[in-house]
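Please read the following briefing alongside the sequence and the coordinates.

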Amino acid sequence: MDAKIEGAKVFAVYGKGGIGKSTTSSNLSVAFSKLGKRVLQIGCDPKHDSTFTLTKSLIPTVIDVLESVEFHAEELRPEDFVVEGYNGVMCVEAGGPPAGTGCGGYVVGQTVKLLKEHHLLEDTDVVIFDVLGDVVCGGFAAPLQHAERAVVVTANDFDSIFAMNRIVAAIAAKSKNYDVRLAGVIANRSAGTDEIDRFNAATGLTRLAHFPDLDAIRRSRLKKSTLFEMPATPELDAVKEEYLRLAATLWAGTVPCEGRAMRDRDIFDFLGFD
């Protein structure tokens with residue numbers, strides 16, 4: 001079956017493990033929905049917690065429901081693996097094979113195949129893949145076969161930017177054979193963006209948005225809530241406005257970044273110490 005998802009704008013969200021990709025993806029999904037778009041979020045991490053702030057629960061994974069019918073996909077109904085979350089965002093968790101067995105790329109492929117077979121992508125404007133951490137294996141790269149644009153979430157520190165550099169290299173490699181291009185960088189959990197901006201200037205990247213390290217953002221995960229459902233404060237209102245602005249920017253279309261990744265040794269020297 002053709003890998004391309006027709007009709008929808010498809011984004012893949014990458015970044016170092018623990019950097020806040022699921023929080024970013026879920027709030028970006030809500031922002032798109034607030035702009036009147038029909039949104040589908042696909043969690044691609046075996047711990048299947050990408051969408052729980054949207055659905056208020058850990059929903060069944062595609063791999064779990066396929067196992068329950070002994071991989072006879074024709075026996076499944078959409079409601080077996082698609083759950084409607086906050087503000088109409090549709091949620092799917094791909095899941096993953098048991099630890100140490102199989103490849104996450106297979107699971108992502110099966111998920112897209114299942115969504116197509118049930119015609120669930122035909123009524124969708126935006127698809128967001130929330131991709132597992134910074135492992136550049138086949139499973140990690142699988143969403144790049146379907147996405148139009150990839151975004152990288154990073155903090156303003158060495159480990160996050162080092163991981164981002166590797167991800168940029170992976171996206172550049174995939175873009176030789178697929179339509180995916182790098183949209184830019186989202187600065188997250190960071191008071192400043194000086195190191196991110198310095199790296200971007202050196203490698204041809206663009207910062208799309210900046211989200212500070214607010215305690216309300218941390219608490220939203222504990223409350224199983226998106227930021228758009230949290231009690232309003234001036235700081236939180238500013239973050240929500242930034243998400244809405246980011247969604248509008250991505251929907252309008254971004255000029256792709258060339259993204260010239262550095263060699264590991266070069267980035268180690270580049271991200272120097274005071």
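This is a predicted model: local features need pLDDT of at least 70, side-chain atom pairs count only at pLDDT 80 or more; totals for chains, interfaces and linings use all residues.

Residues are numbered from 1 along each chain as its sequence is written, and side-chain values use heavy atoms, with hydrogens and water left out.

**Overall form**
- The chain has ten helices and eight strands, taken as DSSP runs (helices H or I, at least four residues; strands E, at least two) that are numbered from the N terminus.
- The C-alpha atoms fill a box of roughly 60 × 45 × 35 Å along the principal axes.
- Of the contacts with a separation of 6 or more, 76% join residues 24 or more positions apart, a contact being heavy atoms within 4.5 Å.

**Burial and charge**
- Of the 274 residues, 51% count as buried, that is, under 20% relative accessible area with a 1.4 Å probe, protein chains only.
- The mean positions of the 30 positive charges (Lys and Arg) and the 38 negative charges (Asp and Glu) are 4 Å apart, with each charge placed at NZ of Lys, CZ of Arg, CG of Asp or CD of Glu.

**Strand β5**
- Six of the six residues of β5 (residues 126-131) are buried, so this strand is largely enclosed by the rest of the structure.
- In a regular strand the side chains alternate between the two faces of the sheet.
- On one side of β5 Val-126, Ile-128 and Asp-130 are buried, and on the other Val-127, Phe-129 and Val-131 are buried.
- Strand β1 (residues 9-15) pairs with β5 in the parallel sense over five bridges, where pairing requires at least two DSSP bridges, and Val-10 has Val-127 as its bridge partner.
- Strand β2 (residues 39-44) also pairs with β5 in the parallel sense, over six bridges, and Gly-43 stands opposite Asp-130.

How values were computed. Buried means under 20% relative accessible area, exposed over 50%, partly exposed in between (1.4 Å probe, protein chains only).
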